[in-house]
Amino acid sequence: MIQKSKLESLGELAAGIAHEINQPLGGISLLLDNIQIRAQKGKLTPEYLEKKLNKSFEDIDRIRMIIDHIRIFSRDQDMAGLIKMDVHEVIMNALGIIKHQYKKHDIEFELNFNCQEPFILGNPFKLEQVMLNLFSNARFAMSEKKKLLSKKSSNLHKKIKIGTYSDEKGLTISVEDNGTGIPKKLQKNIFDPFFTTKSADTGTGLGLSISYGIIKEMKGTIDVISKENEFTKMTLGFPIYKK
């Protein structure tokens, strides 16, 4: 069931990944067309060819990096050790995969990175899995709220706020959405395995349970503040990395 939940998450990312790969592929196709046209006109110089080939190699490297990243992310990371990592880099990697997909859903991201030394000890791919799960939950909550508001002819500006800050207690990551919120009586259950407010064909109820386990592995905490029909704010806390 855990693997099924992870595969569902990867399936959700497919559209975003395809877009990320299609952009450099389109660039390569256009460059080859330009080279062919110049060759037919006898205007293909060694300098022009070298310039275009170098750009093509850059696009190929970009595609390779995307594929490698997804391949590593999708592996079982249970045996991987904890390393020093930059939480800002992890967040941006997660956003890089889904930003185009979420843009199609009219979702705006607001970033407030306030950590000067955003380093913790952990597994970057597992933390990325946590972030993707939180983003997915936020998207679902906002989509559900928009459906409800559309019946009342109201509009919703869907926004996910991502913040980081640190103090003497540690480093904090927050993810806040303006979706349906979570009823107070259900908030104590959201990290329980198989607990979900989604329909059976929409989710397994394992996303937050797995995220909870990952955060605990990193000696961290995860908390929720939510008001029904207004917002949900998930807060992750970690010890700051010290040499």
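I took helices (H or I, at least four residues) and strands (E, at least two) as DSSP runs, numbered from the N terminus. I counted two strands as paired if DSSP finds at least two bridges between them.

I looked at a predicted model, in which local features need pLDDT of at least 70, side-chain atom pairs count only at pLDDT 80 or more, and totals for chains, interfaces and linings use all residues. Residues are numbered from 1 along each chain as its sequence is written, and side-chain values use heavy atoms, with hydrogens and water left out.

I started with the hairpin: strand 4 and strand 5 form it with two residues between them. The two strands, with strand 5 at residues 170–177, are antiparallel and share eight bridges. I noted serine 174 in strand 5 as the bridge partner of glycine 163.

I then checked strand 2 (residues 108–113), which runs parallel to strand 4 (residues 159–167) and is joined to it by six bridges. Glutamate 108 has lysine 159 of strand 4 opposite.

I looked up the whole sheet: it is open, has five strands in the order 2-4-5-7-6, and its pairing is mixed. Strand 2 and strand 6 (221–227) are the edges, each pairing on one side only. From one strand to the next the twist averages 15°; axes are lines fitted to C-alpha atoms, for helices over the stretch in contact, and angles run from 0 to 180 degrees between N-to-C directions.

Last, I looked at helix 3 (residues 87–104), which lies across strand 2, strand 4 and strand 5, at about 170° to strand 2. Contact here means heavy atoms within 4.5 Å.
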